[in-house]
Amino acid sequence: MPQTVKGVISRSKGAPVELTDIVIPDPGPGEVVVDVKSCGVCHTDFHYREGGISDDYPFLLGHESAGVVSEVGEGVTNVEVGDFVILNWRAICGDCRACKRGEPWYCFATHNASQKMTLEDGTELTPALGIGSFAEKTLVAAGQCTKVDEADPAVVGLLGCGIMAGIGAAINTGEVTRGKSVAVIGCGGVGCAAIAGAALAGAGTIIAVDLDDKKLEWAKDLGATHTVNSRGLDEDGVVAAIQELTGGFGADVVIDAVGRPETWRQAFYGRDLAGTVVLVGVPTPEMELSVPLLDVFGRGGSLKSSWYGDCLPARDFPMLVDLYKQGRLPLEKFVSERIGIGDVEEAFEKMGRGEVLRSVVEF
């Protein structure tokens, strides 16, 4: 029978979020109901609230989660009732051209649950990133569930989005390896996760760049060896600061975790010759970039964008949870506070003021 639970929705652009009753249908073929144990407050949820993703209101917010499978639909074989899982928003199809060529992290046909969760009056909800887990339960496609060893849900659930995006930007996309120099521009949750990923991979020099000293302190705590406060510096000043810390050459890998034309250019010119630029910060549709084509040719190297850290959840989530449990990956440092489901709007305000790396709703 369908179940009624509490969930956090956004009814209209810019309006405060609302805690209300939502209806979770029985899982259909290939679908799973998950008892949500935690959900991080991610900037993407705020973008949904502000209409920056689409205007398909009302949204059921939340997507960065861990939980326990409570029901499975017909044909589900990858998880069973009682499994502890981390949710992901890119359930791979296994059959598109990317999957067939052995690069499923680029899957071009990712999918979500077919059925919709609704309000009590039948109004269909749009789940954030196909998950919608600011709720006591959520309905997802089975492929959006990755079984992992049980651990603190508030900590490991963050791998479901921003932390995986940052770690993957360093390790998967940027291919950071032992001894490489890395600079990360923007030290919020994703940027700090990129720093943690670079440290995990054995990078030598790790430079954190941000306007906010508090965020730079977070970055140092997660593995940055040097910091640059870019407030008051122009584009050339940021590049010069990175070069000064890398023998005058620039970093081997520069990760733009902001996603603005000016920060991308800082990354482009702040890397060494034949170095790598990784764009993991998400630009807005109106942004345009201008760089002399001769500079693109003359500097060589790689210019990459990173989708979800180019992760493969079935491969990466269990490995990273294992490293966390061994004490080699300090995921717990990303949890700034643990809050209730009624505190999401306040958490958005704290996030906007730069006071937290992650507020995490616990159920």
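**A covered helix and its surroundings**

Author: Let us begin with α5, which is mostly covered, since nine of its twelve residues are buried. Please keep in mind that this is a predicted model.

Reader: Which residues of α5 are buried, and what covers them?

Author: The buried residues are Gly189, Gly191, Cys192, Ala193, Ala194, Ile195, Ala196, Gly197 and Ala198, and their cover includes the helices α4 and α6 (213-221) together with the strands β11, β12 (206-210) and β14 (251-256). Just after α5, Gly202 takes a positive phi of about 90°.

Reader: What span should helix α5 have?

Author: The twelve residues of α5 (residues 189-200), at 1.5 Å a residue, should span 16 Å, and this agrees with its end C-alpha atoms, which are 16 Å apart.

Reader: Why does Ser181 count as buried?

Author: A residue is called buried when its relative accessible area is under 20%, and Ser181 counts as buried because its relative accessibility is 9%. Ser181 lies in the loop between α4 (162-173) and β11 (182-185), and, leaving aside residues up to four places away in sequence, it touches Thr205, Thr246, Gly250, Ala251, Asp252 and Val253.

Reader: How do α7 and α8 cross, and which residues meet there?

Author: The axes of α7 (residues 235-244) and α8 (residues 261-269) come within 9 Å and cross at roughly 35°, and the crossing is right-handed. From α7, Glu235, Val238, Val239 and Gln243 meet Glu262, Arg265, Gln266 and Tyr269 of α8; the residues of this contact divide into three nonpolar, two polar and three charged.

Definitions and conventions: Residues are numbered from 1 along each chain as its sequence is written. This is a predicted model: local features need pLDDT of at least 70, side-chain atom pairs count only at pLDDT 80 or more; totals for chains, interfaces and linings use all residues. Side-chain values use heavy atoms; hydrogens and water are left out. Axes are lines fitted to C-alpha atoms, for helices over the stretch in contact, and angles run from 0 to 180 degrees between N-to-C directions. Helices (H or I, at least four residues) and strands (E, at least two) are DSSP runs, numbered from the N terminus. A crossing is left-handed if the near helix is turned anticlockwise from the far one by less than a right angle, and right-handed if clockwise. Contact means heavy atoms within 4.5 Å. Ala, Val, Leu, Ile, Met, Phe, Trp, Tyr, Cys and Pro count as nonpolar, Asp, Glu, Lys and Arg as charged, and the others, Gly among them, as polar. Buried means under 20% relative accessible area, exposed over 50%, partly exposed in between (1.4 Å probe, protein chains only). The expected span of a helix is 1.5 Å times one less than its number of residues.
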